[in-house]
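Subject: Structure handover

Hello,

Here is the structure for you to look through. My notes follow below it.

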Amino acid sequence: MLATLLSATLIALDGRVIRVEVDVAPGLPGFTIVGLADASIREARERVRGALRNSGFVHPPRRITVNLAPADVPKTGSAADLAIAVGILIGSEQFTARAGRAALIGEVSLGGEIRTVPGLLPMVAALARRGVRRVIVPAEGADEASLIDGLEIVPAATVADAVDALRSRRHPGPTPPARVELAPMSSAPAPAAQIGLAPPLQPPDLADVRGQLEARRALEVALAGGHGMLMIGPPGTGKTMLARTIPALLPPLSDAESLAATIVASVSGEGPLHELVRTPPFRAPHHTSSYAAIVGGGPSLSPGEITRADHGVLFLDELAEFSRDVLEALRQPLEDGRVTIVRASGAATLPARFQLIAATNPCPCGHAGDENRCTCAQGVPERYVGRISGPLRDRIDVWVTLARMKAAAMVSGPEPESSAVVAARIAAARARQHARLGGRVNARISGRALRAVAGLRATTSSHLAELADTEQLSGRGTERLLRVARTVADLEDAGDVGLAHLEEAARWRPPATRPPVALAV
Amino acid sequence: MPASDRDALAVLLSVQGLGPLTLARLVGRLGTPSAILALAGAANAADRLVDASRSDAGSWHAMPSNVADALVEAAGDAPQILAEVRRMGVRVVTPTDPDYPRRLLGIELPPPALFVRGSLAALSSPHVVAVVGTRRPSPPGRRIASRIAAALTKAGATVVSGLAIGIDGAAHAAVVAEQAATVAFIGGGHARLFPRAHDRLADAIVAAGGAVASEYAPRVEPSRGTFPQRNRLISGSADAVVVVEAGARSGALVTASWALEQGRDCFVVPGPIDAPTSAGCNGFLRDWHDLARIVSGIPQLLDDLGLLAEVALPGPGHHRGDATSVEIKSTVKPPTARAMLSGRSEAEQAVAEALVHGAVTVDELVAVTRRSLGEVLRALTRLEAIGLARASHGRYEPAGSLASADPVAA
């Protein structure tokens with residue numbers, strides 16, 4: 001007998017509804033899955049067989065054929081396990097399902113438990129869009145699925161639960177948990193399991209970073225305007241420490257951003273999620289990460305680090321050590337805010353509106369600028385930072401060089417500001433930009449829009465030209481100067497960009513690639 | 001010298017391995033540079049050139065055959081070589097020309113010709129002093145080089161050096177900041193300027209009325225051997241050599257040795273005995289204590305060089321211990337940072353003063369000036385824009401004429 005059920009699969013970040021047709025026919029016992037199924041789906045045979053047997057059902061010794069439709073959509077992952085298992089039970093008439101279109105999502109274990117799958121959220125959303133009214137989901141993913149309105153979420157912990165839910169008129173067990181409100185995460189402490197296996201490290205507070213006033217200010221400006229930033233400095237100067245304070249400095253995501261971030265988190269397997277992701281993502285991939293890990297890809301077009309950092313910060317420590325291919329691949333996303341991946345199985349465009357924060361040593365040994373410690377040959381330090389190609393340099397608005405601090409400055413010196421104080425200034429500056437630019441930050445507006453919002457007076461314009469002249473800036477360099485100055489002005493709540501803002505912004509330009517010549521006064 | 005000989009000389013000097021000695025023997029045998037070039041264009045040229053270069057003393061003084069081959073090749077290339085000389089804006093100055101530095105005529109093996117961008121007039125000044133040192137100086141060393149060069153310039157002396165990065169560059173830049181003429185002898189051809197990082201400095205030296213000079217034709221690659229050879233010109237064109245900082249094996253010590261050999265005064269800035277950047281200086285002072293002299297201060301240096309207009313010597317009643325506190329009324333005392341920046345904002349003056357006093361990071365500048373971070377950052381931008389400060393690896397240092405400012409408050 002034929003059974004037809006709905007399930008879903010994942011293509012890049014989008015859920016796609018699939019129909020699972022199970023035919024249990026007399027004949028030589030066998031189990032075939034057709035319909036552009038990948039290896040993980042073909043392995044479903046073994047999981048389903050074990051799950052049925054260990055749940056007290058019978059795996060029928062008949063000819064079982066599973067067709068996943070539509071046939072042209074490549075299917076990946078284990079989300080259809082449950083639908084296949086239940087389809088076999090209906091097909092072999094071990095129970096009779098009530099009428100009505102039901103959908104099932106979940107991976108089964110050999111013991112018959114139902115496990116959650118990455119991308120549950122967009123899959124449920126796809127089913128909702130298709131008009132499905134009832135979906136059976138893994139119990140542990142019920143919170144995540146409940147974020148979608150408009151359909152009934154039935155949690156099931158085992159295959160037997162799922163059968164019960166389909167057989168009876170009333171669902172068994174407890175009613176699904178109440179919808180999670182769109183409240184900030186801080187109001188209810190999230191369970192540690194929320195982000196993967198390891199609970200996220202508590203970001204250090206800026207008050208713990210002593211000295212490095214210049215770099216602290218640069219970080220504040222960069223975060224306030226969404227500017228790309230590069231910190232250059234020897235090891236032990238606090239580059240990574242500063243970067244790790246970023247999660248506590250960024251304002252929470254807006255509703256729309258939050259939904260997008262939650263979908264990415266779901267697809268990335270950070271689930272089960274219990275509520276919308278409100279904190280901007282902070283991704284810090286290691287410099288040995290592969291191209292596919294950073295950019296995204298693989299047979300199922302899974303999102304890479306740049307997509308997982310969407311609406312957040314991508315921190316690349318030891319930037320010059322990343323492979324050239326990876327760095328080149330950052331150009332398109334930095335420009336367009338998305339990345340297009342083309343594979344034999346199809347093309348996908350994934351969002352990647354990340355803010356790039358990077359750090360690098362000044363030279364391979366790390367001590368350039370310190371005559372007694374740098375062991376690099378002449379010209380090597382220049383070439384080291386030169387590995388960062390021109391187009392990528394152009395996307396970095398804020399440059400800051402850190403020097404090793406003297407111990408005295410670390411011990412005495414003024415008491416550093418705390419993250420909360422700086423975060424408040426950043427949030428206020430962002431709010432000003434959002435009000436003015438319709439939800440965009442200074443780093444992401446066009447040159448023309450920038451000039452319109454800069455409010456340059458005639459005298460300030462001539463100062464800008466003068467600064468650009470003495471710094472020998474290109475057109476792009478001048479625009480970068482103005483862009484950063486706009487953010488400095490926003491931090492001060494100034495309506496127009498003034499000379500003082502330009503002068504501060506000039507500090508954050510790239511260091512000269514050649515030693516400057518001190519010329520006449 | 002006729003124009004044809006001058007051109008011929010330019011071609012001959014582009015041959016690597018053809019030194020002043022061989023050239024002199026060839027000219028002695030064949031008459032003029034043009035004649036040598038003519039022979040190089042004739043049949044069986046290489047062998048005949050080797051013959052012509054043979055000295056009376058014996059055949060082992062003859063030029064190697066590969067140099068002779070290179071000479072023949074250069075003769076064929078002559079039009080291109082001369083075109084390159086003209087394209088680079090380089091003049092060929094020979095000993096018969098009035099602006100050939102007369103001090104160089106007194107040294108052993110003066111260069112047969114100098115390839116010059118700019119004007120060598122400054123080398124005819126009554127006082128010429130070379131300022132040389134390591135390519136990897138400490139920040140204080142760099143500052144001392146700037147201050148010495150600026151003080152020498154203000155006292156009317158011409159500064160020569162080697163355009164290398166480090167001490168040489170700091171000395172040249174300080175003179176350029178005074179809008180005065182300085183001369184750089186480079187260790188290769190003009191078309192192969194080394195280091196590349198100093199091509200803007202080279203242009204600035206020429207623009208300020210000085211010169212970049214080389215004894216090599218424009219196409220000659222700088223190499224391990226050319227720099228020590230060039231050093232004899234730095235010392236030879238000066239009355240005295242000042243070594244600011246030199247590591248144990250620094251090329252600046254070669255220049256200092258040349259100076260002693262050529263009968264020039266040699267001054268060495270001493271340093272801490274455990275500073276690697278001063279190891280060469282201190283060692284040189286120890287080895288040549290009877291010839292090399294110590295730089296104990298800038299006014300004292302000017303005094304020793306005879307550049308001070310007015311020197312008050314200690315009276316007869318002074319104790320021996322007071323001798324170091326010789327009162328010197330310098331007419332060329334560098335101005336203080338504040339005096340240099342009169343008319344600019346208070347914040348700029350404060351930051352400039354702190355820089356001259358040795359504050360290097362923004363943290364230190366904020367602490368010393370007791371001004372807000374924003375004020376310090378803006379002042380740094382303005383000081384940089386007028387060339388008085390520069391950033392390097394997250395640290396800041398005085399530049400231009402501020403590098404020669406007197407850290408002692410007036």
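In chain B, nine strands make an open sheet of mixed pairing, in the order β1-β2-β6-β5-β4-β3-β7-β8-β9. Strands here are DSSP runs of E with at least two residues, helices are runs of H or I with at least four, and both are numbered from the N terminus. Two strands pair if DSSP finds at least two bridges between them. At the edges lie β1 (91-93) and β9 (293-294) of chain B, each pairing on one side only.

This is a predicted model, in which local features need pLDDT of at least 70, side-chain atom pairs count only at pLDDT 80 or more, and totals for chains, interfaces and linings use all residues. Residues are numbered from 1 along each chain as its sequence is written, while chains are lettered from A and ligands numbered from 1 in the order in which they are written.

Within the sheet, β5 (residues 182-185) and β6 (residues 211-214) of chain B pair in the parallel sense over three bridges. B:Ala184 is opposite B:Val212 of β6(B).

In chain A, helix α4 (residues 120-129) is mostly covered, with eight of its ten residues buried (20 or more other C-beta atoms within 10 Å of the residue's own, C-beta atoms being placed from the backbone). Among them are A:Leu120, A:Met123 and A:Leu127. After α4(A) comes A:Gly131, with a positive phi near 95 degrees.

The contact between the chains takes 39 residues from chain B and 32 residues from chain A; residues are in contact if their C-beta atoms, placed from the backbone, lie within 7 Å. On the chain B side, α18(B) gives the most, with eight residues.

Regards

Technical notes:
Buried ≥ 20, exposed ≤ 12 C-beta atoms within 10 Å, placed from the backbone. Contact = placed C-beta atoms within 7 Å.
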